[in-house]
Amino acid sequence: MTGSVGAPAERREGREKVSGTARYAGEFHFPGRAQAWPVPAGVARGRVTAVDTAVALAVPGVLAVLTHENAPRLAEPDDPTLALLQDTRVPHRGWFVALVVAETLEAARAGAAAVRVAYDAEEHDVTLTASHPGVYVPEEANGGHPAVREQGDPDGAFAASAARVDVAYRVPPLHNHPMEPHTSTARWEDGRLTVHTSSQGTGAVRAVLAKLFGLPEERIVVTAEHVGGGFGSKGTPRPDVVLAAMAARETGRPVTVALPRRCLPAVVGHRAPTLHRLRLGAGADGRLASLTHEVTTYTSRIKEFVEQAAVPARVMYAAPHSRTVHRVAALDVPSPSWMRAPGEAPGMYALESALDELATELGMDPVELRVRNEPDVEPDSGRPFSSRHLVECLREGARRFGWAGRDPRPGVRREGPLLLGTGVAAATYPVMVGPSTATARALPDGSFLVRINATDIGTGARTVLAQVGADALGVPLERVRIEVGSTELPSAPLAGGSSGTASWGWAVHDACAGLARRPAGQGLDHRADTTGAADAESGFARHAFGAHFAEVAVDTVTGEVRVGRLLGVYAAGRILNARTARSQFVGGMTMGLGMALTEGSTMDAAFGDFTESDLASYHVPVHADVAEIEAHWLDEEDSRLNPMGSKGIGEIGIVGTAAAIGNAVHHATGVRLRELPLTPDRVL
Ligand code: MOS
């Protein structure tokens, strides 16, 4: 071992990024490259009856206007959100009904503004309520989870409990809004398609393009060398890549489609709103007898997507009687999709807030309440945990935060107009892993080249994989070169589900270890195909855990909530790079801070549209919003994961943060707010 793994190695592409030389998908300046601007539908439901493109085509520089009448015919995609410009149907406001291609971005934008679209509008319905007549229980929630699970007699046990909490929470629609909007540059040459795109996984992009355009995959290359964030919204191909490929084929020019920020909420997925009802019944000792978590959410008319927000309640606490339910209504809304910790982020907000309410009801410390309900095995499945150090995270967090001696009384700490409080919440995120392939090659200069189609979406994947490779080869980190981000490389899964490093790292480890084991003279290349599956079938429940602590000051005059301190402690297996891991945890917590205090989208019932569609109105946290943010981790050893012993770390940071902040706001004010975000109008 050379000890690369675990070291705080700097990002390999860090200098390129901060110096502006790292090339993103919109920055491939091919000769003759055209730009495009989409035209979003102006009704929430209906049909396009006519598109007048004459004025747009007369705008200087405009090359073409694609509509359902003249766009290339595509094969039917598995993902209905990619059936673009194929028919007249408008399934939601913001659905693209035309694309203007021009010599410059300015001309494309002016052309898009000049396209006149006539509609036959129909009544729309975009308002989710728990009692909506369209609500149904789906076959399953996302991730293949059963929609409903029930053990024992949750209603009877709840009725018989000494302490009871029966509460409802609401999490609003949330938007991923990565720094780099969804962008693709496409070019056709001799029947071959090359696409530079901003995606969490180019393999899926290539597969979808092959199907849509009827091409063998060998004739398509998709690269994603640098990606300015995705948070789930780039986990599947989005309209930009399909539109760019269509426009490039139609015009015979390379074409870049960079989606305008204001288009993103409607077409790249969002976190669907969730309505939660929780019923917790416990004995006077705090032990849960009954746990019910029922979630109602929405999906679009064209695609069923069911945020699996009751799933973490199947993992967290021992309760002999339990019920977890997902319900969904199909409305005339944009299709929701993956957003950082789908399921866990909204589900744990509700569950961990309800736990806090139960602690108040019992007069018990909320850390202690969680410790008392620690299960021996995963409650829903009965499987043993491969490792679970939630109690250690809570204890270590409490120690670092200075939780001991906390006055549990709410609403009693005043500093001028401020009310002060602290809160805690637990976090969990599943361990996932997928099949992956990597190759390792010894080069004549003594260095090694590792190749794998991993995607570095800003996480530092390149750097971490080089560390894994260096240790497996037994060489210093500088001697390992790595190539990622292209379908020309050995195939690997997307950067999603906090599974990237585990999946790719496994293959990189095996390729490098295999090369290192070769006797001299027996070849300079080694290829490894890992399934990632054998271990998952080992019968263990595998999850990362964490504990979040927050300190808030609530201004009784303005209603503003300021978070003075956020602290997270994680048990996520072996941490492979202390620097980039810290960034992931802190980034997740910052996103959780936004979820708690500022982020939230409002569906306008009359227009059928989100009212906050840009960063001027959809407020994400900035530096000044977080005074102090700390991420720590335990040295967790778990031999039942992968050769590195790592769990995923990209999502768990967001999971318990909003609940910890909400619980701190209750501790500060004595008022329990059950709808996010905790904006001043709600706080006052
Ligand atoms: Mo993440 S929402 O699994 O890309």
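A residue counts as buried if 20 or more other C-beta atoms lie within 10 Å of its own, as exposed if 12 or fewer do, and as partly exposed in between, with C-beta atoms placed from the backbone. Keep that in mind for the tour.

This is a predicted model: local features need pLDDT of at least 70, side-chain atom pairs count only at pLDDT 80 or more, and totals for chains, interfaces and linings use all residues. Residues are numbered from 1 along each chain as its sequence is written.

**Stop 1: the domains**

Colour the protein chain by domain. Domain 1 takes 30–123 + 176–267, domain 2 takes 140–174 + 270–431 + 539–683, and domain 3 takes 434–531. These bounds come from an automatic or database domain assignment.

Now show domain 2 with domain 3. Their centres, taken over C-alpha atoms, are separated by 35 Å. Domain 2 gives 15 residues to the contact and domain 3 gives 14 residues. Two residues are in contact if their C-beta atoms, placed from the backbone, lie within 7 Å. On the domain 2 side, seven residues are nonpolar, seven are polar and one is charged. Here Ala, Val, Leu, Ile, Met, Phe, Trp, Tyr, Cys and Pro count as nonpolar, Asp, Glu, Lys and Arg as charged, and the others, Gly among them, as polar.

**Stop 2**

The next stops use strands and helices by number. Both are DSSP runs numbered from the N terminus: helices are H or I with at least four residues, strands are E with at least two. Two strands pair if DSSP finds at least two bridges between them.

Select E4, E2 and E6. These three strands form an open sheet in the order E4-E2-E6, with antiparallel pairing. Strand E4 (89–90) and strand E6 (116–121) stand at the edges with a single partner strand each, so one side of each has no neighbour in the sheet. Strand E2 (residues 46–52) is joined to E4 by two bridges. Zoom in on Gly46: Val90 in E4 stands opposite.

**Stop 3: strand E14**

Select residues 255–258. Both faces of strand E14 are covered: Val255 and Val257 are buried on one side, Thr256 and Ala258 on the other. Strand E1 (residues 34–40) pairs with E14 in the parallel sense over three bridges. Look for Gln35 opposite Thr256. E11 pairs with E14 in the antiparallel sense, over four bridges. There, Ala186 has Val255 as its bridge partner.

**Stop 4**

Go to His177, in the loop between strand E10 (163–171) and strand E11 (183–189). Its phi is positive, near 35°, though His177 is not a glycine. Is His177 buried or exposed? His177 is buried, because 22 other C-beta atoms lie within 10 Å.

Move to Phe231, in the loop between strand E13 (220–223) and helix H6 (239–251). Phe231 is not a glycine, yet has a positive phi of about 55°. Phe231 is also buried, with 27 other C-beta atoms within 10 Å.

Then pick Gly485, in the loop between strand E22 (480–483) and helix H12 (500–517). Gly485 counts as buried, with 23 C-beta neighbours inside 10 Å. Leaving aside neighbours within four places in sequence, Gly485 is in contact with Thr223, Ala224, Glu225, Thr455 and Asp456. Select His196 too: Gly485 and His196 are 289 residues apart in sequence but 9.9 Å apart in space, C-alpha to C-alpha.

**Stop 5: a five-stranded sheet**

Show E18, E19, E24, E25 and E28. They form an open sheet in the order E18-E19-E24-E25-E28, with mixed pairing. Strand E18 (414–415) and strand E28 (629–633) are at the edges, each with a single partner strand, so one side of each lacks a neighbour in the sheet. E25 and E28 run parallel, joined by five bridges. Val569 has His632 in E28 as its bridge partner.

H16 packs on this sheet, touching E19, E24 and E25.

**Stop 6: helix H16 and beyond**

Select 657–669. How many residues of H16 are buried? The count is 12 of its 13 residues. Among them are Thr657, Ile661 and Val665. The cover includes helix H8 (344–362) and helix H14 (578–597).

Step on to Gly670, which follows H16 and has a positive phi near 80°. End at Pro677, in the loop between helix H16 (657–669) and helix H17 (680–683). The peptide bond from Leu676 to Pro677 is cis, with omega near -5°.

How values were computed
Axes fitted to C-alpha atoms, helices over the stretch in contact; angles between N-to-C directions.
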